[in-house]
Structure formats: C-alpha cells, structure tokens
Amino acid sequence: MATSPCSSSGVSSSSSSGLGADAGLEIRTRSVEQTLVPLVSQITTLINHKDKPKRSDKTLQAIQRVGQAVNLAVGRFVTVGEAIANENHELKEEMSVACIEARRAGETIAQLTDVASLDHPESDSHITIFTDKTGVVKAARLLLSSVTKVLVLADRIVIKQIITSRNKVLATMDQLEKVSSFQEFVQIFSQFGNEMVEFAHLTGDRQNDLKDEKKKARMAASRAVLEKCTMMLLTASKTCLRHPDCESARINKDGVFHRMRLALEQVIEIVTDSRPNGENEMAPISIYSGIKEFKNKVEGLRENLYFLSKENLSTMLEVILEHTEDFTDSAYTSHEHREHILELSKQAKMELEQLVSVWMQAQNQKTKDLMEDLEVAILKTCQCMNDLKREVHSAATSLAADLLKYHTDHMVLKALKITGVEGNLEAVAEYTCKLSEQKEQLVEMCRLLRHVSGTEPLEITCIHAEDTFQVTGPQIISAAETLALHPSSKIAKENLEVFCEAWESQLSDMSLLLREINDVFEGRRGEKRVYLSLPRPGKHNANLKALKPVKLDTEEQAKIAKLGLELHLLTSDVDSETEKWEDQENEIVQHGQGMSSMAYSMYLFTRGEGLLKTTQDLFHQAEIFATEGTKLASALHALSDQVHDDKPLLLLEAEKLISMCKQLQITAKASAQGKSATFTKVDACILKTRNVMTLLCQLLPLCCKLLRKARNGCLKPAPPWKDDRIRTATNARTPERRVDTLGIKSLENHVTNMTFLESK
C-alpha cells in the first residue's frame with residue numbers, strides 16, 4: 001500500500017473577489033483551513049475597497065497599513081517555513097520555492113499599497129492599487145497559493161510522524177510475535193506500550209483535526225480496535241508463551257496480531273487518503289440514505305420537470321426496495337414487521353407509477369389541474385417513503401432492544417468460563433455453539449441498524465460493531481478451548497476474561513449506539529462525540545500488571561446521580577450556546593463543543609453507561625477535559641488581544657478557567673487507594689468538571705457578543721510579531737521537539753496574527 005503523505009491535504013477554494021488557490025490542492029484538516037481565514041480576510045479587504053473619485057488621508061493610511069501588515073506577517077510566516085525546510089530535507093526544495101513565492105507576493109502587495117505619502121495615488125505615473133487592480137489580484141492569488149503550499153507541506157510532516165510511529169509499532173509487533181521467553185517479552189512489550197501511547201496521541205490529534213466526519217468516525221473505530229487489542233495482545237501472547245504447543249492459543253494470538261495490523265493499516269489509509277492498489281472506497285449504502293436521495297429527486301420536480309428521467313427515479317426505488325429484502329429475508333424480523341414492509345414496498349411502486357404518469361403529462365401540458373395533481377402525487381410518494389422508513393426503523397430498533405435485553409446477563413460467557421476451568425471440553429463445545437448463534441444474531445442486528453442509523457458516522461459505527469462481533473466471537477472460542485485444555489492455567493483464565501470483557505463492552509456500546517440512532521430519528525441531537533484516548537493508562541506497565549478496573553456500584557451511582565444530572569443540564573446549556581454562533585468553525589466554539597462532549601460522556605459514566613467503563617477511564621477523561629479547557633483559555637487570550645471592550649473581564653475569566661483546569665488535572669492525577677478514596681476522587685472530578693462547565697456557560701455568550709462587535713469594526717490593529725517564538729523554534733534541542741515547534745501549529749499562530757483591519 002502507498003503510504004506517501006504527499007496527497008494528504010491542501011486547498012481548493014475561491015471567493016467572490018476572484019481569488020483562488022491551486023485547484024489541485026484540497027484542504028482536509030481544520031487547522032489548515034482556519035489558518036488561512038485571517039489571510040483571506042486581509043486580502044479581501046484590499047481587493048474589495050471602494051473605488052471613489054476622492055479618497056481621504058485616513059482611507060489611504062488604512063490601505064497602506066493593511067498592505068504593510070500583510071507583508072510583515074508573510075515575512076515572519078516565511079521565516080518559520082524556511083526553518084521547517086531546513087529541518088526536513090525531503091521537503092526543502094518544495095518548501096523553499098513556496099516561501100520565495102510568498103515573500104515575493106507579500107512585497108508586491110506592500111509596494112502596490114504604498115499610497116499614503118503620494119499626492120495623486122491614482123495617477124498613471126505611480127503603479128498602485130488604484131492604477132493596477134489586476135496586479136493586486138494576481139499577487140493575492142500567488143500569495144494564497146504559496147502560503148497554502150507551505151501549510152500543506154508542514155502538514156505532511158505531521159502525517160510523516162504518524163507513518164513513522166506506525167512503522168515503529170509494526171516493527172516491535174514483529175519482535176513480539178517471535179519472542180520465545182518471558183523475560184524478552186517483558187522488555188519488548190514495555191517498549192511496545194510506549195510506542196502505542198505515542199501513536200495514540202498523534203492519531204487522536206489527527207482525528208479531531210479531520211474535517212470529514214466520515215473519516216473521523218473511521219479513525220475512531222480503528223483506534224478503538226487498537227485500544228482493546230493492546231490488552232488482548234498482552235494476555236494472548238503470555239498464554240502462548242506459557243503453552244507453546246497449544247494450537248488454540250496460537251490461533252488466538254494470531255487473530256489479535258492480524259486485527260491490529262489491519263487497524264494500523266486503516267489509520268494510515270485515512271491519514272494519507274489512499275487505498276491499497278489504488279482501489280476506491282465503496283461507500284456503504286443504507287435504506288435511509290437511499291430514501292433521502294429519492295425524496296430529494298421527487299421534490300425537485302416542483303422546480304424542474306426535466307432535470308431527470310423516469311428511468312432514474314425507478315432505478316433509485318428499485319435499489320431501496322432491494323435493501324428492504326435485508327429485513328424481509330432476515331430470520332430475526334417479526335412476522336408483523338415483514339408484512340408491513342412488503343405492503344409499503346408494493347404501495348411505493350404504485351405511488352411512483354402514478355407520479356410518473358402525471359409527471360409525463362405535465363411535461364407536455366402545464367395546466368393548473370395537472371400541476372395540482374403532480375403536487376398530490378409528490379406528497380403521496382414522499383409520505384409512503386416516510387412510512388417505509390419508519391417501519392424499517394421500528395423493525396431494526398425493536399430487534400436490537402430485544403437482543404440486547406436478552407443477552408444482558410452474559411450467561412453463555414459465564415458458562416464458558418466455568419466449564420473451561422473445569423476442563424470440560426464437551427460442555428465448552430456446547431457453549432461455543434451457543435456463542436456462535438449469539439454472534440450471528442448480533443451481526444444481523446448491526447447490519448439492520450446500519451440501514452436506519454441516519455448519519456454516515458453512525459453507519460460506520462454500526463459496521464465497526466458488526467466487525468467486532470464477527471472477530472471477537474471466534475477469539476473467545478479459541479481462548480475458552482485453551483482454558484479447557486489447561487484448566488489450572490491462571491494466564492489462560494485471565495486471557496479468556498479479557499476477550500469476554502471486550503464482548504461485554506461491545507454489547508454495552510450497542511445500547512448507547514441504539515439510543516443515538518433513536519435520537520437522530522426523533523430529531524434530537526444524537527451525535528455526541530466521545531473522545532477516545534488510547535491506550536488507557538495503567539495497561540502498559542513494564543511489570544505487565546494492569547490496573548484493576550473499578551466500576552461504581554449501585555449505591556455509589558445513586559449518591560452521585562444529582563451531580564451527574566447537573567452536569568448533563570450544563571452540557572445542554574453549552575450546546576445551546578454554541579448553536580447560536582454563526583461561525584461553527586470558530587476555535588472557541590470547537591473547544592466548547594469538545595468540552596461539552598467529554599462532560600456528557602462523564603455524565604453517562606455516573607449512570608453506568610457510555611464508553612467510560614471504569615473509574616480509571618473517568619480520571620483520564622477528566623485530564624483530557626482539563627487540557628481542552630486550557631486550550632480554550634489560550635483562544636480567549638488571543639481574542640482579548642483583538643478587542644477594546646471587556647478585555648479585563650475576558651482575561652480575568654480566562655485566568656479563572658486556567659486555574660480551575662489545573663485543579664481538575666491535579667485531582668485526576670492524584671493517587672487514590674481503596675474503594676472510599678476512589679469514590680471521593682470520582683466525586684471531586686465530576687464536581688470540578690461541573691464548575692468548569694458553569695464557567696463555560698458564562699464565557700460563550702460573552703465571547704459571542706465581543707465577536708459581533710468585532711464584525712462591526714471594533715477590532716484593534718494586529719499585535720507585533722514575537723521574534724522569540726522563531727528563535728525558540730530554530731534552537732530546539734531535539735528532532736522531536738523541532739518537529740513539534742516547527743509544525744503546522746507555529747504557522748497557524750503566525751498567520752492568525754494577521755487580524756482583519758477595518759475597511760474604510
């Protein structure tokens with residue numbers, strides 16, 4: 001597979017001013033996109049200035065200031081780009097060319113806007129923005145194109161880091177697979193744990209930076225696989241070392257290694273936007289997406305009777321009805337649902353026939369009666385499709401609810417553990433057959449849920465769940481067979497426990513997924529993002545002893561329920577505030593939404609639900625939440641540099657936020673031994689998270705108000721560039737540190753300082 005980062009990100013855009021960058025470049029990350037916004041604003045100010053016969057000195061000075069600010073900013077930006085080039089020789093030539101182009105374009109813009117000292121700036125004797133508007137547009141295009149190239153090249157370094165990290169993980173996995181002694185395994189696994197942590201951080205940042213929600217969901221699924229498989233790899237490998245001649249133990253271990261390699265490969269496919277052997281990714285087709293597209297086409301007939309053919313519409317309906325066969329052919333669909341789906345399918349064909357008949361007549365003769373008949377046919381066809389959509393949703397979700405309730409006691413898993421310890425091979429064989437039946441039921445459930453999931457990210461989550469059940473079932477069976485062959489083996493017993501926990505965890509996740517699917521269907525916001533941090537702490541200690549997972553018992557959940565409910569209400573308030581913002585890509589909004597999502601997952605933990613399974617998961621989530629809050633505080637500081645009003649208040653609130661987040665981090669990292677101390681720590685983390693969310697509810701409307709004022713021309717001039725930032729970057733001590741300091745974040749910081757000056 002090609003793992004070149006060369007096509008990972010870029011830009012393909014244009015504006016009303018006629019500005020555009022390279023058509024061959026496409027932006028795929030939020031950081032690159034958001035970095036370009038201030039620069040585009042600055043240049044658009046110049047291009048769109050009003051051509052008036054008489055210009056005041058104030059206007060001329062404003063134009064000159066903007067031109068100089070752009071040139072100065074580009075100069076600083078290019079300095080950082082050149083430093084990156086010196087640190088990465090394979091990109092040096094491309095980066096240098098882009099930097100030269102950017103510097104040249106910035107200088108041209110400065111020359112053309114040097115008008116404040118001229119008596120007659122519009123005179124032909126002086127080439128200025130007034131006499132050579134084409135020259136300004138040309139320079140602006142070159143500047144945007146070259147700056148974007150620099151950003152894209154810097155982004156390649158991030159991708160290169162991920163690929164390098166993946167390669168290190170793969171190399172260490174190869175060593176782990178071949179070890180023959182426990183001592184050697186302990187040493188290599190310790191190294192492997194550190195490498196997985198590094199890979200988790202890099203891919204986590206990339207996941208949150210991706211613009212494409214579908215890719216983000218695929219990345220989350222792959223990282224979830226790596227998280228669970230890391231612990232499986234540990235116990236499966238130890239079992240194989242303890243019982244080297246056991247065939248089922250070898251099969252069990254090989255399955256884990258294979259799945260991890262596939263997940264690592266998929267991460268690189270997403271990051272590099274490439275597929276093996278140049279294959280195109282086949283998008284999963286669901287009944288929901290088919291019905292949505294079909295209805296859009298039908299309703300489009302109101303505006304245009306000729307934009308598609310009747311054959312196209314008939315083909316679309318045929319595809320939808322073919323997919324309903326997944327329900328009618330399923331052994332798990334109730335007789336009542338099956339009959340209703342078949343009736344609605346038949347009705348849909350009849351409604352389409354009637355629609356086509358009226359539509360063809362309306363094409364020949366647009367009478368009032370015919371157009372009214374067409375409207376009725378459109379409404380009846382769409383209503384029929386809505387009824388079909390509701391019926392398949394009911395069939396899928398009722399099946400899922402019944403199966404999840406039926407399997408909630410995990411009786412088959414418990415029986416496998418007991419019969420395995422007893423060494424009862426015959427009983428183990430009996431229960432493995434039952435587990436295989438259960439697996440088939442759950443796989444079918446996932447396939448049907450995918451059809452009604454409502455969004456692409458949830459579709460991908462359903463596909464991931466289906467794959468997890470398909471793979472984990474046979475792994476549990478091989479682990480149970482190993483234990484039955486070696487009933488006194490503690491490591492074989494531990495290994496089976498790990499695989500059973502993965503199965504139970506996936507069943508628990510399905511309950512949350514089902515709730516989200518129902519939320520989307522009912523029009524509620526059902527796409528709360530859950531931040532996965534992989535691997536979880538405590539699972540990769542050198543002594544191979546994982547922290548014992550601790551869950552809240554029923555009494556503890558009751559004690560903390562009120563605090564959890566308060567946290568839930570605050571997440572709703574924050575979501576409500578962020579939805580009021582016109583610019584949903586604003587950094588403050590992004591951090592606010594991220595914190596709300598994490599707080600929501602912590603609320604679910606207080607109910608014994610969601611993806612945070614243990615207290616250790618909660619503490620780690622609290623640390624990430626606090627880190628996100630600190631990033632928000634940095635964004636508030638940046639905003640305070642641009643506004644006149646309320647700056648002291650904004651800075652005060654930002655410092656308060658930093659202090660609260662530090663306290664939360666200290667609490668989350670503090671040691672807690674024993675049940676009582678652990679619960680006290682949980683209570684403190686939830687309480688401090690609630691306090692941060694309360695402050696966030698106050699901050700969001702304040703920032704929104706300040707930004708509205710900013711749009712009306714209340715921004716201050718751009719602050720001066722900080723030379724020490726560049727010196728820090730170029731004098732970093734280690735290659736890792738240099739890559740971090742000279743990566744895309746440095747460029748982002750420099751361009752962000754090109755603030756939008758008021759256009760007079």
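**Figure 1. Helix 17 makes a left-handed crossing as it passes helix 18.** What you see here is a predicted model. Helix 17 covers residues 587-606, and helix 18 covers residues 615-640. When you look at two packed helices, the two things to describe are the angle between their axes and the distance between those axes. For helix 17 and helix 18, the angle is about 160° and the axes lie 9 Å apart. Angles over 145 degrees count as roughly antiparallel, so helix 17 is roughly antiparallel to helix 18. Who sits in the contact of helix 17 with helix 18, sorted by class? There are 14 nonpolar residues, joined by six polar and three charged ones.

**Figure 2. Helix 11 and helix 13 cross at roughly 150°.** This view pairs residues 368-406 (helix 11) with residues 425-451 (helix 13), and their axes come within 9 Å. That crossing makes helix 11 roughly antiparallel to helix 13. Helix 11 passes helix 13 in a left-handed crossing. To find the contact, look on helix 11 for Ala396, Thr397, Leu399, Ala400, Leu403 and Leu404. On helix 13, look for Gln441, Met445, Leu448 and Leu449. Sorted by class, the contact of helix 11 with helix 13 has eight nonpolar and two polar residues, with no charged ones.

**Figure 3. Leucine 60 is a buried residue of helix 2.** You'll find leucine 60 in the stretch of residues 57-87 that forms helix 2. Its relative accessible area is 5%, so leucine 60 is buried. Now find aspartate 114, which is 54 residues away from leucine 60 along the chain. The C-alpha atoms of leucine 60 and aspartate 114 are separated by 8.6 Å.

**Figure 4. Zooming back out, the protein chain has 23 helices and zero strands.** Of the 760 residues in the protein chain, 51% are buried. Take the contacts between residues at least 6 apart in sequence: 78% of them join residues at least 24 apart. The protein chain exposes about 35,200 Å², and carbon and sulfur atoms supply 51% of that area.

Methods: Residues are numbered from 1 along each chain as its sequence is written. This is a predicted model: local features need pLDDT of at least 70, side-chain atom pairs count only at pLDDT 80 or more; totals for chains, interfaces and linings use all residues. Side-chain values use heavy atoms; hydrogens and water are left out. Axes are lines fitted to C-alpha atoms, for helices over the stretch in contact, and angles run from 0 to 180 degrees between N-to-C directions. Helices (H or I, at least four residues) and strands (E, at least two) are DSSP runs, numbered from the N terminus. Angles under 35 degrees count as roughly parallel, over 145 as roughly antiparallel, 65 to 115 as roughly perpendicular and the rest as oblique. A crossing is left-handed if the near helix is turned anticlockwise from the far one by less than a right angle, and right-handed if clockwise. Ala, Val, Leu, Ile, Met, Phe, Trp, Tyr, Cys and Pro count as nonpolar, Asp, Glu, Lys and Arg as charged, and the others, Gly among them, as polar. Buried means under 20% relative accessible area, exposed over 50%, partly exposed in between (1.4 Å probe, protein chains only). Contact means heavy atoms within 4.5 Å. Accessible areas come from the Shrake-Rupley method with a 1.4 Å probe; for residues, only the protein chains shown count as cover.
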